[in-house]
Amino acid sequence: MMRSEKDLIPYSHGRLDGSPVLVLAPHPDDEVFGCGGAIVQLVAAGAEVRLVILTDGAAQGDASIRRAEALEASLRLGLEEPEFWELADRSLRPDDSDLADRLRALLTELAPQLILVPSPAEIHPDHRAVGLLVYSLLHSTSAGGELHDALQATRIATYEVSAALRPNLLVDVSAEWETVLSAAKAYVSQLEVHPYIEVMDGMA
């Protein structure tokens, strides 16, 4: 029997919850353009939200400027200062054992109830690599291991930046949208390259 439409795509909105929350952003700005509204909701709900920006973003601008913009955007979202790993932009690979080890240590330490990460169906190779790495780590856990124990209450939510997903959850961020736009406008250098705010409006 064919499944109905409502079984395949949501027709009503829901929310993301849990704490602590780990947000993985391959570049400075992905956290705003991809899941800024959800971040604002989670912060307002009292969740501990930790943002890790993996690359320096230097392939599309000056790394120091992008870092400063990320700091300002985080303030506007209500976040503490992000953690900057400063890896080379466009260097992320799903088979990078060093990065996998670093992510494994982070997940074990934080034991997040919710992970926000770009979808493996994204277009940018760094986005895909991070999504695939996280999935690979989750699949590699075994009972009794530190990572397995740390992730017992963990859910993962993938977000879209440049590729529309087939969603199984819609998050209504209408009330948070002005805050998200304010955070997006902190990325002045990136808005000079692409019309990201228009893209955000279209995706939303």
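Helix α2 (residues 30-44) and helix α7 (residues 177-184) cross at roughly 140°, with their axes coming within 9 Å. That angle makes α2 oblique to α7; angles under 35 degrees count as roughly parallel, over 145 as roughly antiparallel, 65 to 115 as roughly perpendicular and the rest as oblique. This is a predicted model, where local features need pLDDT of at least 70, side-chain atom pairs count only at pLDDT 80 or more, and totals for chains, interfaces and linings use all residues. Residues are numbered from 1 along each chain as its sequence is written, and side-chain values use heavy atoms, with hydrogens and water left out.

**Helix packing**

- The α2/α7 crossing is right-handed (the near helix is turned clockwise from the far one by less than a right angle).
- On the α2 side, Val32, Phe33, Gly36, Gly37 and Val40 meet Thr179, Val180, Ala183 and Ala184 of α7, contact being heavy atoms within 4.5 Å.
- That contact of α2 with α7 splits into six nonpolar, three polar and no charged residues; Ala, Val, Leu, Ile, Met, Phe, Trp, Tyr, Cys and Pro count as nonpolar, Asp, Glu, Lys and Arg as charged, and the others, Gly among them, as polar.
- Helix α3 (residues 63-77) also packs on α7: the axes come within 8 Å and cross at roughly 165°.
- α3 and α7 are therefore roughly antiparallel to each other, and their crossing is right-handed.
- Here Ala73, Arg76 and Leu77 of α3 meet Thr179, Ser182 and Ala183 of α7, giving three nonpolar, two polar and one charged residues.
- Axes are lines fitted to C-alpha atoms, for helices over the stretch in contact, with angles from 0 to 180 degrees between N-to-C directions.
- Helices (H or I, at least four residues) and strands (E, at least two) are DSSP runs, numbered from the N terminus.

**The largest pocket**

- Its lining has 49 residues, with Phe33, Gly34, Tyr159, Glu160 and Val161 nearest the centre; a pocket is an open set of points on a 1 Å grid where a 1.4 Å probe fits, with protein on both sides within 12 Å along at least five of seven lines, and lining residues have an atom within 4 Å of a point.
- α2 gives the largest share of the lining, eight residues.
- By class, the lining holds 27 nonpolar, 14 polar and eight charged residues.

- Ser19 and Pro20 are joined by a cis peptide bond, omega about 5°, and Pro20 sits in the loop between β1 (13-14) and β2 (21-25).
- Asp29, in the loop between β2 and α2, has a positive phi of about 130° despite not being a glycine.
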